[in-house]
Amino acid sequence: MRVNRILLSSSLIVVALVVQVSVLARLHLPGAVPDLLLLTVLGLALVYGHVGGALVGFAAGLLADLAPPADHAAGRYALVLCVIGYLAGLVKPESGQVKSATGPMVVVVAAALGSTLLYAGVGALVGDTAARHVGLGGLLFTAALYDLLLAPFVVPGVMALARRAENDPLAETNSAKAGDISSGWLSGGTGLRIGAQRSGLRVKAARARVARAGRIKGVKRL
């Protein structure tokens with residue numbers, strides 16, 4: 001991963017974890033806790049792809065495993081977010097730009113359900129049966145509901161920041177990759193093509209010079 005990706009991902013993950021632990025976890029909502037960290041990983045995975053999503057998910061999950069007041073085995077949530085980040089990155093838009101909100105919302109619901117099931121499954125393997133006592137059905141419903149309500153305020157902003165970091169002129173990337181991210185806006189959103197616009201201006205300038213030369217020759221002959 002490039003330096004700008006690492007800096008942006010680290011900052012967003014730390015902020016999301018602090019807000020989740022200090023604010024969302026203290027709301028005492030029924031069922032699950034809104035997973036701001038999961039939504040941040042999803043937003044980054046939809047821009048960085050499956051490899052970047054897996055790396056970001058693993059780092060975010062490991063930080064959540066080690067940060068207080070974590071009461072589960074280290075590496076458990078890292079595995080969950082690594083898998084979720086990888087799968088979310090597989091549905092990254094080819095043009096780098098989401099055309100509608102339906103796709104990301106479906107990804108959010110699937111990720112909320114999948115992360116809850118995977119977390120409970122890993123917990124069952126290590127002897128943690130807390131999800132069984134709380135009620136897995138209620139956790140699945142509330143996790144999907146809370147994350148779906150929170151997603152419009154988190155995922156688009158994270159994706160916009162990630163795209164802006166990808167277009168940073170200091171980033172170690174070539175023009176082809178930068179063009180892939182901005183091509184949807186340049187050609188689809190505005191209907192403009194910079195290369196064609198420049199060539200058209202050159203043709204018009206050449207025609208103007210030819211016409212001017214013809215008028216000058218006509219005056220001299222008279």
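## Overall architecture

Among contacts (heavy atoms within 4.5 Å) in the protein between residues at least 6 apart in sequence, 73% join residues at least 24 apart. This is a predicted model, in which local features need pLDDT of at least 70 and side-chain atom pairs count only at pLDDT 80 or more, while totals for chains, interfaces and linings use all residues. Residues are numbered from 1 along each chain as its sequence is written, and side-chain values use heavy atoms, with hydrogens and water left out.

The protein has eight helices and zero strands (DSSP runs numbered from the N terminus: H or I of at least four residues for helices, E of at least two for strands). Of its 222 residues, 36% count as buried (under 20% relative accessible area; exposed is over 50%, and partly exposed lies in between, with a 1.4 Å probe and protein chains only). The accessible surface comes to about 13200 Å², and carbon and sulfur atoms hold 67% of that area (Shrake-Rupley method, 1.4 Å probe; for residues, only the protein chains shown count as cover).

## Nonpolar core

The largest nonpolar core contains 36 residues, of which Leu 37 and Leu 42 touch the most other members (a core is a set of buried Ala, Val, Leu, Ile, Met, Phe, Trp, Tyr and Cys residues joined through side-chain atoms within 4.5 Å). Two or more residues are given to this core by each of helix 1 (3–22), helix 2, helix 3, helix 4 and helix 6 (136–166). Helix 2 supplies the largest share, 14 residues.

Residues up to four places away in sequence aside, Leu 42 touches Ile 84, Ala 88, Val 107, Val 108 and Ala 111.

## Helix 3

The 15 residues of helix 3 should span 21 Å at 1.5 Å a residue, and the end C-alpha atoms are 22 Å apart, which agrees (the expected span is 1.5 Å times one less than the number of residues). Buried positions in helix 3 include Val 80, Leu 81, Ile 84 and Ala 88. Helix 2 (36–66) and helix 4 (102–125) are among the elements covering the buried residues of helix 3.

## Tyr 86 and His 50

Tyr 86 lies in helix 3 (residues 76–90) and counts as partly exposed because its relative accessibility is 37%. His 50, in helix 2, counts as partly exposed at 32% relative accessibility.

Neighbours within four places in sequence aside, His 50 is in contact with Gly 85, Tyr 86, Gly 89 and Leu 90. His 50 and Val 83 are 33 residues apart in sequence and 9.4 Å apart in space, C-alpha to C-alpha.
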